[in-house]
Amino acid sequence: MKTLVGAARWALLTPMVVLSIAPIVYMGVTALKPAGTPLAVGNPWWPDHPTLGNFADLFGDPQFGHWVANTALVAGGTVLIGLLASILAGYALAYLDVPYGRSIVLVFFATYLLPQAVLFIPLLRVLSRLHLLNSPAALVLTYPSMVIPFGTWVVWSFLRRLPRDLIDSARTDGAGVYSTIVDILLPVLWPALATVGLFAITVVFNDYLYTSTFIQESSGQTIMGALGGLITADIDNPGKSFAAAMLAAAPLALLCAFFADAFARGLSTGIIEQ
Amino acid sequence: MLAPAAVLCLGTIVYAIVLEGWFSVSDAGPGTDGVFIGLANFQFLAGLSNFWQMVANTGIYSGTSTVVKLALGLVMALALARPFPGRRVVYAALFLPFIFPVVLGTIAWFFLLSNINGGIDWILLRLHLIAQAFEWRGRLPMVSVVTVNVWHGTALFGVLLLAALRSISTDLLDSATVDGASRVQQFFHIIVPYLKPAALLGVVLSVLGNFGDFAIVELLTRGGPLGRSQIVSTYAFENALVSGDVGLGAAIALVMVPVYVVALVVAYRLLGRE
């Protein structure tokens, strides 16, 4: 019986694993082919003359440098603003008796579910009036609106489950809001914050709508927007873009390797185990 | 303390929705706010066969991929529920497509599904399953976009369902076994009810995510050929930004709102019950 279950498990899992990683393997293989190898020839699943030349080219490429810098700036800004606003809002909703607190939490949840495609047309107009188009600021201002609802929700539900004494005793000792948060809550809150931070990064790395609409100049573009824009031009020399894509995905894959369990737990504590 | 979150998130969203509402009843164009034209945009859309094809496509895209992801996610969760050698590696491999930036994953799929020495054609030709190169994106555009969506999103269902599975105590399953419940009975009477909230939540997230989805369709098919894979976000994008009819684009984007409201009611019911 046991071997039967084991065999059935692998019979199901093997094709799923193969299909899951195949596109990523394909991308990696293409990135390792020598520069100038067109997609139209050769084995798409194997590099005959593997080389790291495409990766080396990228490091000297000022355009790629711009995209990396823009992405880092946008990701950093979004994480920072998203975390700060979420901690403050989560704290207020959990501990200060905010009037209609429960309704506010529900409204936040509602905005979490709002598809971003509903908003991009008016947001484009607003950003254009503020003369922020083509600058990373356009994204730093709009991405947090996708992070804060989830972030507030996670921080709020995490704080609600902490023993109330922890805060009350700090307050009776005369600690202010700031020192309560920094000295007492941050040390225990970090799993929730890691979840929110990682979520913010996935928002930045998974968006294509905002970045391709709000940023039209290549030098102001994030990696995702830039690579998405190159897609059809790539057929004759895809190696470099694919190398860039592998490098762009690396931070997220690494974070995932370290935090996958924490992220999954946070995702489900934030949402399911209400 | 709520102010940063409220301004950045609710402020942005409320302002954007009001502006969107105005655009939808105006003849706004690029850089102009237009004049009031009543419901002309909506009337125009209602008489357009393209529009109704897009509505059907969006429903098929969202519905089909959600159902397939739910089924595969259930398989993933059940196969990973108990410890076995290699579980961590398999889990990471199955989680990878979800964490892999969707723009980059779609770029890989764009070339995998190509008829010019595409990765999939190459394998099928070697196995003699097809006689000549097949143009997946052009011939089966909806199948192509759904495939990429499923590839990217299955792990979210897997993770949510796995978390729910793990919350079932082994005592409960043991006592059921002592009572003589067969595995099939256990599955339908104990496991399924436990998984229902997580599954419903996944469905709500997926349906809304797919409705607002942009990257996969825009990069893979651009809604083509001839609108055969056009969905609401790419259609709004094309009308508002490519053709410059901002009013019409806004009216199209607002079509998502009724679906959003229904999904929201389902989500609140779900959370209210617990």
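This is a predicted model: local features need pLDDT of at least 70, side-chain atom pairs count only at pLDDT 80 or more; totals for chains, interfaces and linings use all residues.
Chain A contains 12 helices and 0 strands. Its elements therefore follow one another as α-α-α-α-α-α-α-α-α-α-α-α along the sequence. The C-alpha trace of chain A spans about 70 × 65 × 35 Å along its principal axes. Of its 274 residues, 46% count as buried. Contacts in chain A between residues at least 6 apart in sequence were also examined. Of these, 76% join residues at least 24 apart.

Chain B contains 14 helices and 0 strands. Its pattern along the sequence is α-α-α-α-α-α-α-α-α-α-α-α-α-α. The principal-axis spans of its C-alpha trace are about 75 × 60 × 35 Å. Buried residues make up 47% of the 274 residues of chain B. Among its contacts between residues at least 6 apart in sequence, 69% join residues at least 24 apart.

The two chains meet through 74 residues from chain B and 74 residues from chain A. On the side of chain B that touches chain A, the largest share comes from helix α1 (residues 3-24) of chain B. That helix supplies 11 residues. By class, this side of chain B divides into 64 nonpolar, 7 polar and 3 charged residues.

A:Val118 has 25 other C-beta atoms within 10 Å. A residue counts as buried at 20 or more, so A:Val118 is buried. Residues of chain B that A:Val118 touches are B:Gly212, B:Ala253, B:Met256 and B:Val257. A:Tyr178 lies 60 residues from A:Val118 in sequence. In space, the two are 37 Å apart, C-alpha to C-alpha.

Within chain B, helix α4 (residues 87-99) has 13 residues. From its first C-alpha to its last, α4(B) reaches 18 Å, close to the 18 Å expected at 1.5 Å a residue. Several of its residues are buried, among them B:Val90, B:Tyr91, B:Leu94 and B:Phe95. B:Leu96, B:Pro97, B:Phe98 and B:Ile99 are buried as well.

Two helix pairs of chain B involve helix α8 (residues 141-166). In one, α8(B) packs with helix α3 (residues 49-80) of chain B at an angle of about 40 degrees. Their axes are 6 Å apart. The angle makes α3(B) oblique to α8(B). Their crossing is right-handed. The contact of α3(B) with α8(B) has 17 nonpolar, 8 polar and 1 charged residues.

In the other pair, α8(B) packs with helix α10 (residues 183-211) of chain B. The angle is about 155 degrees, with the axes 9 Å apart. Angles over 145 degrees count as roughly antiparallel, so α8(B) and α10(B) are roughly antiparallel to each other. The crossing of α8(B) and α10(B) is right-handed. From α8(B), the residues that meet α10(B) include B:Asn149, B:Gly153, B:Leu156, B:Phe157 and B:Leu160. B:Leu161, B:Ala163, B:Ala164 and B:Leu165 also take part. From α10(B), the partners include B:Tyr194, B:Leu195, B:Ala198, B:Ala199 and B:Leu201. B:Gly202, B:Ser206 and B:Asn210 are also among them. By class, the contact of α8(B) with α10(B) has 12 nonpolar, 5 polar and no charged residues.

Notes. Residues are numbered from 1 along each chain as its sequence is written. Chains are lettered from A and ligands numbered from 1 in the order in which they are written. Two residues are in contact if their C-beta atoms, placed from the backbone, lie within 7 Å. Helices (H or I, at least four residues) and strands (E, at least two) are DSSP runs, numbered from the N terminus. Ala, Val, Leu, Ile, Met, Phe, Trp, Tyr, Cys and Pro count as nonpolar, Asp, Glu, Lys and Arg as charged, and the others, Gly among them, as polar. The expected span of a helix is 1.5 Å times one less than its number of residues. A residue is buried if 20 or more other C-beta atoms lie within 10 Å of its own, exposed if 12 or fewer, and partly exposed in between; C-beta atoms are placed from the backbone. Axes are lines fitted to C-alpha atoms, for helices over the stretch in contact, and angles run from 0 to 180 degrees between N-to-C directions. Angles under 35 degrees count as roughly parallel, over 145 as roughly antiparallel, 65 to 115 as roughly perpendicular and the rest as oblique. A crossing is left-handed if the near helix is turned anticlockwise from the far one by less than a right angle, and right-handed if clockwise. Lists of a residue's contacts leave out its neighbours within four places in sequence.
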